[in-house]
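Visitor: Could you take me through one part of this structure slowly, namely the place where the ligand sits? I would like to know what surrounds it.

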Amino acid sequence: MEYLLDTANKQLIKDILNYYPIDGITTNPTIMTKEPGAYLDILSDLDTLLDGRQFHIQLTSITFPDMVEEAKRLNDIIQSELYLKIPVSHEGIKAIYKLSKQGFKVTATAVTNLNQGIMAAKAGASYLAFYVNRTASTGINGNDVINEIISIFKRDGYQTKIIGASYKSIYQINKSILNGCKSVTVPPTLFKELMETTVTKESIEQFTNNFKDRFKQIGPSIYKE
Ligand code: G3P
């Protein structure tokens, strides 16, 4: 199972990477607009921060020729494990196919139905990012579609891995994982909720307080020479 962070915010990424074995980050053009500074400086700082982890960067181009050119320029500057994040538009599917053939690692993105997912796999995408919450807003249960895509991938032998994306609740994330996503990309606003529960917090507090009541101290000093 892989956990990615859906953000370009350096401080949030740094804080979480400092404690959790996170596999990388995903970005999109909107996410990038939320960070200060020049675009290439943001990319460079994130690349350094990731230190070789997965870096799924969504292309800003919307036409096939520009996507191919932008891919080459990104490939020249990014040192981390680069995945070109390309939407499953007409132009995008053509770029996914051509760039995968050329050996680039591609994440098909903005996937919102079964056929887009299958086409992304046929085009050679390494990953596909399925938008769970955005499909929910159209009355579709995205996690059910993820289940359908995975059943077709198993039937036809496609190796493309699914990244669950676009979340507004832990419930949505859990269902994606249980339905077969190999990865989820988590917005930082949900990450704290993902890992912290009141029961865990209160249990640790109880153990610590009970021990301190009896032995007056905790930690390495107990084992003083
Ligand atoms: O990586 C795609 C993701 O950022 C879209 O999520 O929350 O904008 O629907 P959201």
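**Around the ligand**

Guide: A polar side-chain atom of Asp6 lies 2.5 Å from an oxygen atom of the ligand, and this is a polar contact, a term for a pair of N or O atoms within 3.5 Å. The model is a predicted one, in which local features need pLDDT of at least 70, side-chain atom pairs count only at pLDDT 80 or more, and totals for chains, interfaces and linings use all residues. Residues are numbered from 1 along each chain as its sequence is written, and side-chain values use heavy atoms, with hydrogens and water left out.

Ser166 also places a polar side-chain atom 2.7 Å from a ligand oxygen, while for Asn28 the corresponding distance to an oxygen atom of the ligand is 2.9 Å. Of the 310 Å² of accessible area that the ligand has on its own, the protein covers 86%, where such areas come from the Shrake-Rupley method with a 1.4 Å probe.

The residues around the ligand, meaning those with a heavy atom within 4 Å of it, are Asp6, Asn28, Ile31, Lys85, Tyr131, Arg134, Ser166 and Lys168. Sorted by class, this shell has 2 nonpolar, 2 polar and 4 charged residues; Asp, Glu, Lys and Arg count as charged, Ala, Val, Leu, Ile, Met, Phe, Trp, Tyr, Cys and Pro as nonpolar, and the others, Gly among them, as polar.

Methods:
A polar contact is a pair of N or O atoms within 3.5 Å; within protein, one must be able to donate a hydrogen and the other to accept it, and residues adjacent in sequence count only if both atoms are side-chain atoms.
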